[in-house]
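Here are my notes on the structure you sent. They are set out as numbered points, to be read with the sequence and the coordinates open.

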Amino acid sequence: MNTKLLRKTVLGVAGLAFAGGVVGGPVGTVLDNPAHAAPTTPVAAVQAEKPDAGKLIPNGVQGDQSRIPLDAEQTANVKAIIEATKKAGMDERAAVVAIATSLQESKLENLGHLGDRNDHDSQGLFQQRPSSGWGTVEQITDPEYSTTAFLKGLKQVDGWKDMPLTQAAQTVQVSAYPDHYAQWEKQAADLVAEHWNS
């Protein structure tokens, strides 16, 4: 009986040693051999946290919200607005106001002159008018320029950060439909959350 137990123990130890060699051997060999070593790339950086929803929508949304699907061009315009906002030294809330404004004015499309459908000479992402001093047609149809111009106007609005979005946007835009900006706040906040750190 002791012989059987001793034989099982010896075979068990040998089995463990063999298994350890199979599992440990090739791994050790690969790591010791630089030609077969896995590339030593740094671990991917942890994705930056998304901006806090309370910062993006500090007053909550007002009224029913609208949402549209975006194509590649519209998404590129979102990113351009965010980059211009950062360059202007403004925060995520400013980007939300700018994107919501552009969603209302142009559905984030960099519109040229629309002929008979045009509102006077309004053009670009924010439907800014050369005749109202926003810049030349070439300038206001440049996403960075038009965003910077909008943000310059926003900076001049006392207390804009504490205002409902639609009031802040309307103070800059002076639209015939001042309450229409509110419907885009949730989608604008979602877009800023998605692209601010991308």
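1. How many residues does H4 have, and what does H4 reach from its first C-alpha to its last? H4 has 15 residues and reaches 21 Å, close to the 21 Å expected at 1.5 Å a residue. This should be read with the caveat that the model is predicted.

2. Overall make-up. The protein has eight helices and zero strands. Of its 198 residues, 36% count as buried. Among contacts between residues at least 6 apart in sequence, 63% join residues at least 24 apart. The accessible surface comes to about 11,900 Å², and 57% of that belongs to carbon and sulfur atoms.

3. Because 14 of its 15 residues are buried, H4 is largely enclosed by the rest of the structure. Arg93, which lies in H4, is buried, with a relative accessible area of 3%.

4. Ends of H4. Just after H4, Lys107 takes a positive phi of about 55°.

5. Lys161 lies in the loop between H6 and H7 and Asp91 in the loop between H3 and H4, so the pair ties together parts that are 70 residues apart in sequence. Asp91 counts as buried at 17% relative accessibility, whereas Lys161 counts as partly exposed at 44%.

6. Which residue forms a salt bridge with Glu92? The partner is Lys55, and the closest N and O atoms are 3.2 Å apart. Since Lys55 lies in helix H2 (residues 53-56) and Glu92 in helix H4, the pair ties together parts that are 37 residues apart in sequence. Glu92 is buried, with a relative accessible area of 12%, while Lys55 is partly exposed at 41%.

7. Salt bridges elsewhere. The structure holds seven salt bridges. One of them joins Asp190 and Arg67, with the closest N and O atoms 2.4 Å apart. Asp190 lies in helix H8 (residues 185-195) and Arg67 in the loop between H2 and H3, so the pair ties together parts that are 123 residues apart in sequence. Asp190 counts as partly exposed, at 27% relative accessibility. Arg67, Lys186 and Asp190 are linked in a network of salt bridges.

8. Helix H6. This helix (residues 143-155) has 13 residues and reaches 18 Å from its first C-alpha to its last, close to the 18 Å expected at 1.5 Å a residue. Its buried residues include Pro143, Thr147, Phe150, Leu151 and Leu154. The buried residues of H6 pack against helices H3 (72-87), H4 (92-106), H5 (137-140) and H7 (165-173).

9. Thr75. This residue lies in helix H3 and is partly exposed, with a relative accessible area of 22%. Leaving aside neighbours within four places in sequence, Thr75 is in contact with Leu70 and His195. Thr75 and His195 are 120 residues apart in sequence and 9.2 Å apart in space, C-alpha to C-alpha.

Technical notes:
Residues are numbered from 1 along each chain as its sequence is written. This is a predicted model: local features need pLDDT of at least 70, side-chain atom pairs count only at pLDDT 80 or more; totals for chains, interfaces and linings use all residues. Side-chain values use heavy atoms; hydrogens and water are left out. Helices (H or I, at least four residues) and strands (E, at least two) are DSSP runs, numbered from the N terminus. The expected span of a helix is 1.5 Å times one less than its number of residues. Buried means under 20% relative accessible area, exposed over 50%, partly exposed in between (1.4 Å probe, protein chains only). Contact means heavy atoms within 4.5 Å. Accessible areas come from the Shrake-Rupley method with a 1.4 Å probe; for residues, only the protein chains shown count as cover. A salt bridge is a side-chain nitrogen of Lys or Arg within 4 Å of a carboxyl oxygen of Asp or Glu.
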